[in-house]
Amino acid sequence: MKLFTFSKSIDDKMAHKKDEKFEPFIEHVRKTENYLKELIEKYCIEEILKNLFYEFKIRDSYVETVYEIIKYHDIGKLTEEFQDGLKLGNISITHSDIGFYTISSLLTDKALSGKLKEKEFVFLLLIATVVSRHHSFLLDINEILFWNEEKEKYVRYILEFLETENDKDTIIKMTKSAFGNLNMRKIKKVINIEFYLLYKLLNSLLITCDYLATMEFMKGVKFIPKIIDNGLKNEIFENISSRKINGNFNPDIDKEIEKLRLMKKEEIFDLNTLRSVITAKIEEKFEKSKKNVFFIEVPTGGGKTNISLRLIRKLLGKKKKVFYVIPYVNIIEQSFDYFRKFIPGEYITRYDHKYIDISDDENKEKSYTQTLFLNFPFVFTTHVGFFDMFFRNGKSDNFNFYQIANSAIIFDEVQAYNPKFWNTLSNIFYYLSKYLNTTIIIMSATLPDFTKFIEKEDFVENLTPDVVDHKLFERANYVFLDKDVEKKF
């Protein structure tokens with residue numbers, strides 16, 4: 001369903017100004033569309049959107065309508081007041097809210113013509129609220145769904161540039177009525193965790209594409225999204241199999257893989273063999289599983305970092321990106337340094353408060369953008385850094401949410417969480433895996449069983465092998481201090 005068909009020329013309408021140069025509005029639309037198509041294609045997002053629409057019993061043909069809403073998110077800039085302010089360098093009028101009201105009016109026009117059923121109209125109207133917040137933080141939708149009488153004249157003006165199936169006065173009148181008739185009962189029929197994921201995903205795509213399109217005009221910097229492609233996949237495969245990399249024992253594991261998988265606990269007499277057997281057995285179960293969430297409990301010193309590297313190797317042809325999420329900065333350093341042996345430097349980064357790399361002095365703008373948009377196929381970050389992207393409502397926090405789609409996430413040392421959050425975590429893992437096709441690997445030396453915290457089907461595969469309780473891991477002695485000893489400390 002096409003919303004935007006222009007009946008009058010907008011060639012003289014501008015979107016941005018740099019010095020004395022103007023960017024035509026339609027050129028910004030084109031750039032936004034190009035970035036949108038590229039991100040959707042590279043991260044295979046269209047299938048995810050269609051599946052989410054299916055959950056709401058909304059025809060997947062409306063995915064194209066949502067793309068159109070994102071492309072024309074700046075439609076509110078067409079007002080005379082904005083155009084005059086842009087030319088004079090003193091813009092005194094907003095455009096995101098006017099854009100939302102305009103899009104709402106176009107949706108109303110389609111509903112009046114019988115091309116949108118009530119449920120479809122409400123669904124698309126709720127989604128369109130992302131336009132009203134694309135220059136600010138997200139709000140609860142019920143705080144946005146109201147008609148602003150003061151902005152009505154601007155909507156009328158913009159509608160004169162667009163073809164509609166009903167007269168403009170009727171459209172405005174019925175749009176105001178639609179807002180007045182919306183209530184929490186209707187809204188609650190739509191809003192749930194699936195809608196939350198969809199809303200965050202679309203907001204992430206909109207603000208990212210808008211930023212990148214604007215940056216291309218203002219800074220002359222073209223952004224090229226990096227994902228795990230065949231070239232990187234083959235290079236990582238080669239490095240993991242290389243004996244030239246210091247401390248890499250993976251070639252030995254690969255050579256003896258079948259033998260290691262068959263070894264029993266009583267046949268293991270040294271720690272290196274035990275690590276290799278654990279790795280081989282975990283990998284075997286991983287290969288056979290059809291699930292998307294896994295947990296692994298391996299004692300400290302059991303080689304969890306290398307296990308995660310090998311499991312990622314199995315996913316390289318399927319996943320677009322890897323997030324390695326760790327609670328502590330010092331552990332990030334250890335894991336990051338290990339992975340960097342196998343992954344070329346331009347494809348891996350750390351993202352925590354101690355490490356934001358803008359070392360490229362010759363092109364700091366480009367380097368900053370690479371970091372801001374986490375434009376690396378492998379990202380090592382803290383739990384706080386990752387979950388800010390999921391829970392916080394700030395614009396910068398939501399830029400990269402779309403990158404979770406069709407990616408892999410390694411959660412290490414997850415026992416660091418307060419147990420009261422385990423139920424929430426279980427639900428997050430379930431919904432990300434189900435709707436965003438995210439593969440999640442949860443690792444710890446002492447791991448809670450997340451399956452007992454969620455009332456869903458059995459969605460987690462336990463990869464922990466039976467050899468992890470081997471006596472070789474009994475290397476710690478516990479000494480209870482008496483009161484006299486305690487005083488010395």
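## Surface charge and aromatic pairs

In this predicted model, Lys 57, Lys 119, Arg 185 and Lys 189 together form a positive surface patch. One of these residues, Lys 119, has its place in helix α6, which covers residues 118-132. With a relative accessibility of 45%, Lys 119 counts as partly exposed, because that class lies between the limits of 20% and 50%.

The text now turns to aromatic rings. A pair of aromatic rings is described by the distance of the centres and the angle of the planes. The count comes to 36 aromatic pairs in the model. In one of them, the planes of Phe 100 and Phe 179 stand at 90 degrees with the ring centres 5.9 Å apart, so the pair is edge-to-face. Because Phe 100 lies in helix α5 (residues 96-112) and Phe 179 in helix α8 (residues 168-181), this pair ties together parts that are 79 residues apart in sequence. Tyr 157 and Phe 161 also form an edge-to-face pair, with 5.4 Å from centre to centre and 70 degrees between the planes.

| Residue | Relative accessible area | Class |
|---|---|---|
| Phe 100 | 1% | buried |
| Phe 179 | 7% | buried |
| Tyr 157 | 24% | partly exposed |
| Phe 161 | 6% | buried |

Beyond these pairs, one aromatic cluster is formed by Tyr 196, Phe 323, Phe 386, Phe 387, Phe 390, Phe 391, Phe 401, Phe 411 and Phe 429.

Methods
Residues numbered from 1 in each chain as written. Predicted model: local features only at pLDDT ≥ 70, side-chain atom pairs only at ≥ 80, totals over all residues. Heavy atoms only, no water. Patch = residues over 30% accessible without salt bridge, like charges linked within 9 Å, V, L, I, M, F, W, Y side chains within 5 Å. Areas by Shrake-Rupley, 256 points an atom, 1.4 Å probe, with all protein chains shown as cover. Salt bridge = Lys/Arg side-chain N within 4 Å of Asp/Glu carboxyl O. Lys, Arg positive; Asp, Glu negative; His and termini not counted. Charge placed at Lys NZ, Arg CZ, Asp CG, Glu CD. Helix = DSSP H or I, 4+ residues; strand = E, 2+ residues; numbered from the N terminus. Buried < 20%, exposed > 50% of the residue type's maximum accessible area, 1.4 Å probe, protein only. Phe/Tyr/Trp six-rings, centres within 6.5 Å; stacked < 30°, edge-to-face > 60°.
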